[in-house]
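This briefing is intended to be read alongside the sequence and the three-dimensional structure. Please have both in view while working through the points below.

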Amino acid sequence: MNALTITQASCADDYDPNSMPVAKARAFIHQFLQPVSGVVRVPIRDALGRVLAEDILSPVNVPAHRNSAMDGWALRGADLKAEGETTLEEIGASFAGRPFNGRVGPGQCVRIMTGGVVPEGADTVVMQERAKANGKAVAFAPGQKTGQNVREAGEDLRAGAVALRRGRIVRPAELGLVASLGIGEVAVHRRLRVAFFSTGDELKGIGATLGEGEIYDSNRYTLHGMLARLGCDVLDMGVVRDEPQLLERAFREAAAQADVVITSGGVSVGEADFVKSMLTQLGEVVFWKIAMKPGRPLAYGRIGGAHFFGLPGNPVSVMVTFYQFVRDALLVLSGADPVAPVPTFSATCTQRLKKAPGRTEFQRGVLTRNASGALEVRPTGEQGSGILKSMSDANCFIILGDATGNVEPGTTVEVQLLEGLV
Ligand code: AMP
Ligand code: MG
């Protein structure tokens with residue numbers, strides 16, 4: 001953590017905590033994030049989704065040998081006639097894994113398949129579609145260039161070069177790349193431990209009978225899903241009633257066991273006051289009203305050695321604030337570097353959207369391509385912060401910036417996909 005404490009930093013910044021811009025809150029949080037220490041070595045398959053803790057150097061040249069990018073014939077570029085066909089004598093074959101052991105001399109060529117080692121003497125491959133074989137005599141069409149279709153040894157990666165940098169999140173491509181270097185084990189950061197609980201007297205667990213005014217706790221399930229997808233070790237601490245002693249105990253217990261504590265509910269006006277005074281005793285926490293919708297109340301700070309995110313209670317607000325503030329923070333804490341922002345796109349909005357200027361809105365949308373191939377987006381319907389179905393039906397957020405007012409059909413808007421390909 002930086003020398004500057006959270007309280008000092010929040011006093012030093014001149015933004016109104018009751019109208020905190022999204023970007024400003026995000027930047028504030030990022031000053032205090034340092035990756036957790038702790039490295040484990042795992043077999044490569046188990047590294048999927050985890051963060052590399054060390055650079056991976058290539059122990060070999062990739063490709064290891066000069067090889068052909070095409071099925072065809074390997075020959076000497078100097079033999080190719082400037083004009084007209086060139087006819088050469090085929091003296092052998094080089095297949096992937098079964099090289100030709102001789103040398104290609106003047107007037108000679110070798111049948112070669114993709115990945116086959118380019119034999120000594122040869123420097124060029126002509127693809128078979130540009131050649132005609134008649135027994136051992138092979139005629140090559142004019143217009144070939146010396147050096148074509150040959151992949152040089154070490155062209156992708158030189159022995160000793162950095163194949164993957166620490167901080168990289170391992171995806172299927174990285175698994176394959178590491179395997180292609182003959183490396184079976186890698187060093188990854190230990191998983192981030194994240195404890196979470198829901199707060200609220202009205203919340204009941206699945207299986208309980210609901211009394212009047214009671215609801216099932218859904219936030220713990222969305223949080224579980226979002227955290228598990230990020231590869232965190234999750235510690236689900238259940239529902240904690242709105243009682244100071246119980247909450248205090250839960251906060252202490254969570255902070256003692258985890259790198260990060262996440263709660264939902266209890267940070268909105270009215271409730272915030274007693275939570276605020278308790279958290280100020282347990283650690284250092286700032287409370288904001290973010291200029292956004294949904295997800296206005298948000299708390300961030302430290303409790304003991306743990307980072308704390310106090311998310312709003314409304315189910316959609318939990319997801320939106322998680323994705324806009326917590327996700328990137330958890331990736332940084334997990335050692336990921338760089339943490340790329342989730343990309344956004346432009347799409348034409350097909351419906352009218354109600355929007356008040358002065359805050360950022362994250363409406364839930366469905367992004368599609370229209371008949372002429374252009375991206376179009378429409379809202380999922382009712383946008384209330386308690387309507388979880390609006391998230392479930394969505395494949396994107398429609399992000400409407402602070403300055404934007406109502407959106408008329410046909411306007412270009414910014415969208416952020418919820419789902420990635422890999
Ligand atoms: P709060 O921020 O605690 O005032 O909660 C705001 C709204 O979200 C209230 O309607 C709560 O009942 C609802 N809520 C809070 N926590 C949960 C939860 N874990 N699951 C579902 N709804 C919740
Ligand atoms: Mg509550």
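Contact here means heavy atoms within 4.5 Å of each other. By that criterion, and not counting residues up to four places away in sequence, Thr-321 touches Met-292, Gly-295, Leu-298, Leu-311, Pro-312 and Val-326. The model is predicted.

**Thr-321**

- Thr-321 is located in helix α7.
- Why does Thr-321 count as buried? Its relative accessibility is 0%, and buried means under 20% relative accessible area.

**Nonpolar cores**

- In soluble globular proteins, nonpolar side chains tend to be buried together.
- The largest nonpolar core has 46 residues, of which Ile-262, Trp-288, Tyr-300, Phe-322 and Leu-330 touch the most other members.
- Helix α7, spanning residues 315-333, supplies the largest share of this core, with twelve residues.
- Apart from its neighbours within four places in sequence, Ile-262 has contacts with Val-194, Ala-195, Phe-196, Phe-197, Leu-223, Leu-227, Phe-309, Leu-311, Phe-322 and Val-326.
- There is also a second, separate core of 21 residues, with Ala-195, Ala-250, Ala-255 and Val-267 among them.
- Ala-195 therefore belongs to the second core while also being in contact with Ile-262; membership of a core is defined by joining through side-chain atoms within 4.5 Å, whereas contact is defined on heavy atoms.

**Ligand 1**

- Glu-202 places a polar side-chain atom 2.5 Å from an oxygen atom of the ligand.
- Ser-198 has a polar side-chain atom 3.4 Å from a nitrogen atom of ligand 1.
- At Gly-313, a polar backbone atom is 3.1 Å from an oxygen atom of ligand 1.
- On its own, ligand 1 has 490 Å² of accessible area, and the protein covers 79% of that area.

**Cysteines**

- How many disulfides does the structure hold? The number is zero.
- Cys-11 is exposed because its relative accessible area is 64%, and the threshold for exposed is over 50%.
- Cys-232, by contrast, is buried, because its relative accessible area is 9%.

**Backbone geometry**

- The peptide bond from Lys-293 to Pro-294 is cis, and its omega is near -5 degrees.
- Pro-294 occupies the loop between β19 (292-293) and β20 (297-303).
- A cis peptide bond also runs from Asp-337 to Pro-338, where omega is near 0 degrees.
- Pro-338 sits in the loop that connects α7 with β22 (344-349).
- Although Asn-149 is not a glycine, its phi is positive, at about 60 degrees.
- The loop between β9 (137-140) and β10 (150-151) contains Asn-149.
- Asn-149 is classed as partly exposed because its relative accessible area is 22%.

**Pro-21**

- Pro-21 is found in the loop between α1 (6-12) and α2 (22-30).
- Setting aside its neighbours within four places in sequence, Pro-21 is in contact with Tyr-15 and Ala-291.
- Pro-21 and Gln-363 are separated by 342 residues in sequence, and their C-alpha atoms are 17 Å apart in space.

Methods
Residues are numbered from 1 along each chain as its sequence is written. Chains are lettered from A and ligands numbered from 1 in the order in which they are written. This is a predicted model: local features need pLDDT of at least 70, side-chain atom pairs count only at pLDDT 80 or more; totals for chains, interfaces and linings use all residues. Side-chain values use heavy atoms; hydrogens and water are left out. Buried means under 20% relative accessible area, exposed over 50%, partly exposed in between (1.4 Å probe, protein chains only). Helices (H or I, at least four residues) and strands (E, at least two) are DSSP runs, numbered from the N terminus. A polar contact is a pair of N or O atoms within 3.5 Å; within protein, one must be able to donate a hydrogen and the other to accept it, and residues adjacent in sequence count only if both atoms are side-chain atoms. Accessible areas come from the Shrake-Rupley method with a 1.4 Å probe; for residues, only the protein chains shown count as cover. A disulfide is a pair of cysteine sulfur atoms within 2.5 Å.
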